[in-house]
Amino acid sequence: MNNLTTYLAISAALFLLGVLAMMTRKSAVSVLMGVELVLNAGGLNFVAFSRFGNGSLNGQAAALFIMIIAAAEAAVALAIFLNLYRLKASAEVDKADTLQW
Amino acid sequence: MEILQNIVFVFFVLLTVISAGVVVFHKRIIYSAFALLFTFFGVAALYVYLAADFLAASQVLIYVGGILTLIIFGVFLTAKITTLEIPDETHQRYIALIPVALLGVGLFWMIFSAPWDSTLRSVEPTTKPLGKLLLTEYLVPFEVASMLLLAALIGAMRLARFYKKEEV
Amino acid sequence: MLGLALYILLAPLVAFTIVIFFGRKLPRGGDFISLFAIWSGLAASLYLFFTQMLGHYDPAFALSYRFDWVTWGTYKLNIGIAIDNMSMMMLVVVTLVSSLVHLFSVGYMKGDPKYHRFFSFLSFFSFSMIGLVLADNLLIIYAFWELVGLSSYLLIGFWHEKDSASNAAKKAFVTNRVGDAGMLIGMLICFTALGTLNLVELKDGVAQGHLAGGLLTAAGILLFMGAVGKSAQFPLHVWLPDAMEGPTPVSALIHAATMVAAGVYLVARLFPILTPDASLVIAYVGGFTAIFAATIAVAQNDIKRVLAYSTVSQLGYMVMALGTGAFTAGFFHLVTHAMFKACLFLGSGSIIFAMHHVLHNIHSHDDAQDMRNMGGLKKYMPVTFWTFLIATTALAGVPFTSGFLSKDAILGGTLAFAMEHPKHWLLPAFGFAAAGLTAFYMFRLVYLTFYGTFRKGSEAESHLHESPRVMTVPLIVLASLSIFFFYAAPAFNPTTPAGGWFATLFPTPENVTLASGRYVSPASSRLGDEAVEPTAEHASGTEALHSAHLEHLAHNWAMLISILVAGLGIWIATLAYYKWKIDPEKWRLRFGVAYRGMYNKWWCDEVYKATAINGTLGLSKGLAWFDGAILDGIVNGSATVTRLFSTVQGWFDNKVVDGLVNLTAMVVGFWAHFVRSFQTGQVQRYLLYTLAGVGIVIILVVI
């Protein structure tokens with residue numbers, strides 16, 4: 001039960017759910033939540049590989065860096081959402097389609 | 001004891017995955033946000049199972065204390081709040097299942113077919129060695145990360161500031 | 001050693017950078033920085049000279065430091081520094097003359113509004129010239145060659161508000177380009193054939209026969225073209241006299257002592273790979289230039305122009321010496337000439353400085369450089385007079401001067417060459433005639449300037465006085481270096497440089513193109529000790545003996561003739577311009593055509609204007625007419641025809657082609673519409689595509 005495959009499977013499930021959220025939700029905040037799920041999946045993967053195997057702490061350090069990046073990313077993302085909201089009167093991602101031009 | 005341990009483990013696994021599902025599929029964004037809280041807690045618990053004590057604590061502090069709060073603020077700031085039922089629409093729901101299915105098949109195939117090394121290492125407190133690691137081998141990334149955080153802080157403030165029209 | 005050499009090279013560059021940017025704000029225009037750079041460079045050069053060159057006393061001494069600069073394919077381009085006797089000697093000459101000129105300029109340029117810029121340019125020139133001397137590689141030589149040309153341009157046109165100065169600068173630059181184009185082609189030939197431009201490797205390549213025959217001759221002559229431009233040889237000599245528009249210290253430094261010697265230096269560097277044919281061309285160009293410029297110098301009235309043509313003539317001597325194989329003599333003359341010609345120019349600068357002062361005080365707008373306005377200066381400018389006189393005797397080839405040693409060596413070498421190859425008797429004839437003319441015009445200059453009475457009246461005379469000490473000290477140093485003493489050690493033989501350190505340290509390098517044995521240079525090891533066997537391997541014993549004997553003979557004869565000829569020249573000058581027994585005016589009338597030819601520089605500028613410049617202009621006009629009448633006619637004609645076709649085509653276009661085009665457009669539009677549906681502009685849709693792609697890749701790889 002408590003073995004590497006389980007953790008990898010959980011991580012993969014979190015990753016897929018996060019990706020799904022990123023693709024389907026319209027609200028930018030929900031997309032951000034999807035991103036957080038994906039990042040958590042990655043962190044879980046790192047820590048799992050760190051626990052099983054040669055036992056170095058490198059994986060945990062990497063997970064820590066993922067957290068740092070996630071924090072920075074969340075702050076910047078929210079600032080961008082505020083601007084988007086101000087510009088389009090809603091924070092829905094499908095409204096931001098000027099990339100098409 | 002073994003069985004009890006397994007039950008608790010399965011509980012946390014289910015908590016994580018199911019609340020993640022709620023995050024993705026619930027129609028109300030506030031519910032999603034709170035479901036995310038449970039996902040983060042579940043991951044923290046899994047970190048404990050993986051003998052990563054420091055990371056588990058950081059997970060709770062950073063994600064639950066920091067990021068989740070930010071996200072809830074984000075919900076409030078970017079929606080016209082009339083009730084707590086802030087709806088969130090979805091789109092391209094079915095077509096999105098195609099890449100997810102492709103990725104899922106690939107990933108799970110890999111996970112279940114590969115001969116993973118499952119030897120466990122002994123459980124020790126990780127805070128001190130992790131700290132040493134960060135200040136020796138990972139010193140440069142650590143410092144760069146602090147610079148990144150500073151830049152993100154300033155950048156976020158700059159981006160979120162209100163400007164009058166002529167100032168832009 | 002490398003450090004010292006690099007210091008000598010880079011100190012002036014640093015000084016240039018500082019002075020050009022901050023000189024205006026520094027006290028005294030920052031001249032002390034330039035002065036320090038060049039004087040410390042002189043100290044370092046002298047250290048090298050005494051410890052390495054005279055200390056080792058090894059003719060074959062050579063060091064080189066190099067590194068890869070560019071690699072492409074199998075070609076590698078090295079650059080580096082070569083330190084051998086020649087470059088150390090040149091370093092001493094360049095830094096010595098340059099530092100004295102720097103010192104002189106402190107007095108001469110005093111009060112000039114662009115004082116700091118002048119010193120920065122001087123530093124820049126010193127840098128370029130030192131780089132040229134130290135380079136081990138034709139490419140680097142070429143680069144510094146152009147830098148030297150650039151600084152020459154900047155300094156000739158220093159008073160660019162004068163039209164004549166800026167025109168002279170342009171003329172110098174463009175004329176030099178003509179020669180440099182040839183030099184570039186020569187370099188390309190060498191690189192194509194040998195794959196290197198390093199001088200040593202070039203020599204090895206030629207010795208192994210990878211480049212030989214007509215192509216090598218062509219390469220030698222083309223490379224010599226660069227020297228023709230820079231050393232003002234006929235027919236590209238026209239820029240040098242005009243270059244006298246620059247400040248006089250510049251004339252002394254660049255257009256007398258160092259830069260113009262660069263061409264000679266290049267020929268000396270290339271000496272081992274010059275084929276006999278190329279050498280012959282070089283010898284004739286040099287010999288002709290020597291006599292040609294000397295005749296012009298006779299009839300000039302501008303003191304600097306006389307000296308300029310004299311420089312051209314002396315450079316011709318050096319080139320002729322190198323061409324006839326008298327390597328040591330040619331290089332020796334380069335060194336001695338640098339000293340006494342710099343002294344002469346600085347002396348003339350001192351005179352002009354004084355004349356400016358006088359003319360300024362009597363509010364006259366006469367030419368301060370015209371000898372006809374001078375006279376009797378001996379009384380007022382004793383230091384200038386005596387130094388000038390010593391340098392003049394050196395240039396004229398009076399015994400016990402350095403000029404006598406070197407010029408005599410050249411004439412001896414040329415005479416020996418002609419004795420070996422009687423059909424080339426014209427070369428020594430040129431040489432001796434030029435020697436006589438040199439003595440004549442130099443003493444004419446001295447008599448007109450320093451003797452007699454001052455021709456601007458006694459009121460003006462009261463304003464005459466000697467130049468300040470910063471200007472006279474360099475004169476004294478340079479004049480004392482014009483005495484044979486310094487060059488004859490340790491033999492101290494006033495008649496020949498043989499046995500002196502110079503002849504020992506600079507033996508004639510072996511000419512590697514002679515390996516075929518087709519041609520034996522009669523002048524090989526001309527100045528070596530008589531006891532020393534000629535080093536050239538190709539010469540058999542008897543030949544060598546014969547050659548040495550011939551040389552000895554030639555040397556004695558040359559000495560005799562040159563003393564006679566110089567004495568004759570001085571005697572005539574004395575009769576005509578000191579005792580006024582011969583009326584120059586009468587002779588001028590008697591030889592009307594010849595005099596006008598000399599006075600007008602044999603119409604060289606006019607000929608160039610008529611041929612090269614007007615030719616270019618005429619060609620341009622012809623092309624313009626061709627363009628206007630014929631090309632435009634063709635264009636207009638074709639336009640009419642085209643219109644006719646167009647009318648027919650228009651119908652076809654509207655009916656048939658447009659139909660096809662519209663059909664195509666419709667098809668394209670349909671497809672575009674289809675493809676456009678993918679480009680929604682929504683990030684999430686793009687994410688979807690991306691992940692689908694990743695998923696497919698994973699499945700393909702894993703399963």
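C:Ala232 sits in the loop that links helix 8 and helix 9 of chain C, where helices (H or I, at least four residues) are DSSP runs numbered from the N terminus. The model is predicted, so local features need pLDDT of at least 70 and side-chain atom pairs count only at pLDDT 80 or more, while totals for chains, interfaces and linings use all residues. Residues are numbered from 1 along each chain as its sequence is written, and chains are lettered from A in the order in which they are written.

Although C:Ala232 is not a glycine, its phi is positive, at about 55°. The residue is buried, with 31 other C-beta atoms within 10 Å; buried stands for 20 or more such atoms, exposed for 12 or fewer and partly exposed for what lies in between, with C-beta atoms placed from the backbone. The loop between helix 8 (213-230) and helix 9 (239-242) of chain C also holds C:Pro235. The peptide bond from C:Phe234 to C:Pro235 is cis, with omega near 5°.

A positive phi, of about 70°, is also found at C:Phe400, again not a glycine. C:Phe400 belongs to the loop between helix 15 (382-396) and helix 16 (402-420) of chain C. With 14 C-beta neighbours inside 10 Å, C:Phe400 counts as partly exposed.

Turning to helix packing, helix 13 (residues 303-323) and helix 17 (residues 426-450) of chain C pack at an angle of about 155°, their axes 11 Å apart. Axes here are lines fitted to C-alpha atoms over the stretch in contact, and angles run from 0 to 180 degrees between N-to-C directions. Helix 13 of chain C is therefore roughly antiparallel to helix 17 of chain C, a term for angles over 145 degrees. Their crossing is left-handed, that is, the near helix is turned anticlockwise from the far one by less than a right angle. Among the residues making the contact are C:Ser310, C:Ser313 and C:Tyr317 of helix 13 and C:Gly431, C:Ala434 and C:Thr438 of helix 17 of chain C; two residues are in contact if their C-beta atoms, placed from the backbone, lie within 7 Å. The residues of this contact divide into 9 nonpolar, 5 polar and no charged. Ala, Val, Leu, Ile, Met, Phe, Trp, Tyr, Cys and Pro count as nonpolar, Asp, Glu, Lys and Arg as charged, and the others, Gly among them, as polar.

Between chains, the contact takes 60 residues from chain A and 68 residues from chain B. Helix 3 of chain A gives the most to the side of chain A that touches chain B, with 20 residues. That side of chain A comprises 44 nonpolar, 11 polar and 5 charged residues.

Note on methods
Helices (H or I, at least four residues) and strands (E, at least two) are DSSP runs, numbered from the N terminus. Angles under 35 degrees count as roughly parallel, over 145 as roughly antiparallel, 65 to 115 as roughly perpendicular and the rest as oblique.
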